[in-house]
Amino acid sequence: MQDKIQDMVNHKSSDVWCIARDATISEAARRMRERAVGTLIVVGLNETVGMLSEHDMVLGVLACDKNPGEIHVSDIMTTVPIVGLQTTIEVAAALAAAAGAHQIVVVEEDRIVGVISAKEMTAWTNLEQAFQISDLNGYITGRAAPPHDALGLHFDEAPILETTCAYCG
């Protein structure tokens, strides 16, 4: 079974912070400080156009000795993949990797519903693989694997499985 991005969005905060593409970097920095976030979704007229991160601001403004009050968000923002809730995590991760993006924006009917990082997608996938390994180990050894919810794991806490091979010992 391939998990969908919706599965991840359901486990996250629904807070999404946006900024207009014509806002200045100074305005963006203040918004990030007020919201205690490191990224903002950049929007135009009824559309998502990209993302602005602290990293973008450091490399695009500070490292170039530019005035953050004179540079617009659209000048240094990063374009990121936009996916729907029914997109599989595998496809979303591939889109992010192909775009060189650290995050993806998730939409539902043209409404932004979340941001998922590549790190979160990797952790989720690792946990799903750990569950599959546990199930297969139970099948091979004839012992039933514990139910996944009984493991008490969250997608950001991938388990370390210690098993013995049925053939090698």
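# Close-up views of a predicted model

**Figure 1. The sheet β1-β2-β3.** Three strands are arranged as an open sheet with the order β1-β2-β3 and mixed pairing. Two strands are taken to pair if DSSP finds at least two bridges between them. Helices (H or I, at least four residues) and strands (E, at least two) are DSSP runs, numbered from the N terminus. Because β1 (18-20) and β3 (47-53) each have a single partner strand, they stand at the edges, and one side of each is left without a neighbour in the sheet. On average, neighbouring strands of this sheet are turned by 35° against each other, direction ignored. For such angles, axes are lines fitted to C-alpha atoms, for helices over the stretch in contact, and angles run from 0 to 180 degrees between N-to-C directions. The model is predicted: local features need pLDDT of at least 70 and side-chain atom pairs count only at pLDDT 80 or more, whereas totals for chains, interfaces and linings use all residues. Residues are numbered from 1 along each chain as its sequence is written, and side-chain values use heavy atoms, with hydrogens and water left out.

Figure 2. Six bridges pair strand β2 (residues 39-44) with β3 in the antiparallel sense. L40 has L52 of β3 as its bridge partner, and G44 has E47 of β3. Two residues lie between the strands of this hairpin, and N46 takes a positive phi near 60°. Six of the seven residues of β3 are buried, so this strand is largely enclosed by the rest of the structure. Buried means under 20% relative accessible area, exposed over 50%, and partly exposed in between (1.4 Å probe, protein chains only).

**Figure 3. The sheet β4-β5-β6.** A further open sheet has three strands in the order β4-β5-β6, with mixed pairing. Its edge strands are β4 and β6, each of which pairs on one side only. Neighbouring strands are turned against each other by 35° on average, direction ignored. β4 and strand β5 (residues 103-108) run parallel and are joined by three bridges. I82 has V105 of β5 as its bridge partner.

**Figure 4. The largest pocket.** The volume of the largest pocket is about 250 Å³. Its lining consists of 15 residues, of which K12, D15, V16, T39 and V115 lie nearest the centre. β2 and β6 (111-117) are the elements that give two or more residues to this lining. By class, the lining has seven nonpolar, five polar and three charged residues. Ala, Val, Leu, Ile, Met, Phe, Trp, Tyr, Cys and Pro count as nonpolar, Asp, Glu, Lys and Arg as charged, and the others, Gly among them, as polar. On a 1 Å grid over the protein atoms alone, a cavity is a set of points where a 1.4 Å probe fits but cannot get out, and a pocket is an open set with protein on both sides within 12 Å along at least five of seven lines; lining residues have an atom within 4 Å of a point. Grid points are joined across faces, edges and corners, and a volume is the space filled by probe spheres set on the points.

Figure 5. M8 is found in helix α1 (residues 5-9) and is buried, with a relative accessible area of 0%. M8 and V115 are 107 residues apart in sequence, and their C-alpha atoms are 9.8 Å apart in space. D56, in helix α3 (residues 54-60), is buried with a relative accessible area of 12%. The C-alpha atoms of D56 and T78 are separated by 7.5 Å, with the two residues 22 apart along the chain. T88 lies in the loop between β4 (82-84) and α5 (89-99), where it is buried at a relative accessible area of 11%. The side chain of T88 reaches the backbone nitrogen of V91 at 3.1 Å.

Figure 6. Most residues other than glycine have a negative phi. A36, although not a glycine, has a positive phi of about 55°. A36 lies in the loop between α2 (25-35) and β2 and counts as exposed at 70% relative accessibility. D65, also a residue other than glycine, has a positive phi near 55°. D65 is placed in the loop between α3 and α4 (73-76) and is exposed, with a relative accessible area of 73%.

Methods:
A polar contact is a pair of N or O atoms within 3.5 Å; within protein, one must be able to donate a hydrogen and the other to accept it, and residues adjacent in sequence count only if both atoms are side-chain atoms.
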